[in-house]
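Subject: Structure handover

Hello,

Here is the structure I promised to pass on. Please open it first, then read the notes below.

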Amino acid sequence: MENVRNVFIQQIRKPARKVIIKRGVKAEEYFSYCEEVGCNVWGTLMSIDSLCGEPVCLWLTEKYRKPGTSVYVQGVEVPENYNGAVPECFDVISLPECDYLMFQGEPFKEEDYCEAINAVQQSEEKYDPSVIGFEWDSENPQIQLEPRG
């Protein structure tokens, strides 16, 4: 039973909002994204006031992708009426108000972040949202907050 990990799930409602994003080319996850666009995107996003207090990673559905761009992007959620500056080479998308299921793993050592992320992702893959009256949304992006040890 040593390999058992607790994952906590809670329903959260996100308001209609804009997301300032930096698109990649073919990236489907963090490491390939950094190879494509560099690792300084997060710092740029941290300089923008966010709705949730931190940048987000997103897996975009076709509805939000431009031809020749990646599924995986990084961005920052801002109010729906945001009219502030948008960094050069970044795009803005609008997301509707919707409910999300937030999966949160146990605390972990910084050096174990890959294992911690994988544990949460495996829990998501196994989870059946119909037990609480939900179904997976194929229209809106999946969101990941920064894994913090």
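First, a term for the elements: helices (H or I, at least four residues) and strands (E, at least two) are DSSP runs, numbered from the N terminus. This is a predicted model, in which local features need pLDDT of at least 70, side-chain atom pairs count only at pLDDT 80 or more, and totals for chains, interfaces and linings use all residues. Residues are numbered from 1 along each chain as its sequence is written, and side-chain values use heavy atoms, with hydrogens and water left out.

**Two loop residues**

Start with cysteine 89. This residue sits in the loop between β4 and β5 (91-95). Most residues other than glycine have a negative phi. Is cysteine 89 buried or exposed? Cysteine 89 counts as exposed, at 58% relative accessibility. The cut-offs are these: buried means under 20% relative accessible area, exposed over 50%, and partly exposed in between (1.4 Å probe, protein chains only).

Glutamate 110 lies in the loop between β6 and α3. Glutamate 110 is partly exposed, at 49% relative accessibility. From glycine 43, glutamate 110 is 67 residues away in sequence and 19 Å away in space, C-alpha to C-alpha.

**Strands**

Two strands pair if DSSP finds at least two bridges between them. β2 (residues 17-23) and β4 pair antiparallel over seven bridges. Here valine 19 is set opposite glutamate 77 of β4. β4 also pairs with β3, again in the antiparallel sense, over four bridges. Tryptophan 59 has tyrosine 72 in β4 as its bridge partner.

Why is β4 largely enclosed by the rest of the structure? Because seven of its eight residues are buried.

β3 has another antiparallel partner, β7, joined by three bridges. Cysteine 57 faces glutamine 144 of β7 there. In a regular strand the side chains alternate between the two faces of the sheet. In β3 both faces are covered: Val56 and Leu58 are buried on one side, Cys57 and Trp59 on the other.

**Cysteines**

How many disulfides are there? The count is zero, where a disulfide is a pair of cysteine sulfur atoms within 2.5 Å. Cysteine 34 is in none, and its nearest cysteine sulfur, in cysteine 39, is 3.3 Å away. Cysteine 34 is buried, with a relative accessible area of 12%. Cysteine 57 is buried too, at 6%. The closest cysteine sulfur to that of cysteine 57 belongs to cysteine 34, and at 8.9 Å it is too far for a bond.

**Aromatic rings**

Rings of Phe, Tyr and Trp (its six-membered ring) pair if their centres lie within 6.5 Å; planes under 30 degrees apart count as stacked, over 60 as edge-to-face and the rest as tilted. By this rule there are six aromatic pairs. One of them, tyrosine 127 with tryptophan 136, is edge-to-face, at 6.4 Å centre to centre and 65° between the planes. Ring pairs also link Tyr33, Trp59 and Tyr72 into a cluster.

**Pockets**

On a 1 Å grid over the protein atoms alone, a pocket is an open set of points where a 1.4 Å probe fits, with protein on both sides within 12 Å along at least five of seven lines; lining residues have an atom within 4 Å of a point. Grid points are joined across faces, edges and corners, and a volume is the space filled by probe spheres set on the points.

The largest pocket has a volume of about 1400 Å³. Its lining holds 41 residues, with Leu101, Met102, Phe103, Glu124 and Ile143 nearest the centre. Which element gives the most to this lining? β6 does, with eight residues. By class, the lining has 21 nonpolar, eight polar and twelve charged residues. Ala, Val, Leu, Ile, Met, Phe, Trp, Tyr, Cys and Pro count as nonpolar, Asp, Glu, Lys and Arg as charged, and the others, Gly among them, as polar.

The second largest pocket holds about 530 Å³. Of its 24 lining residues, Tyr30, Tyr113, Ile117, Gln144 and Pro147 are closest to the centre. α3 gives the most to the lining of this second largest pocket, with five residues.

Best wishes
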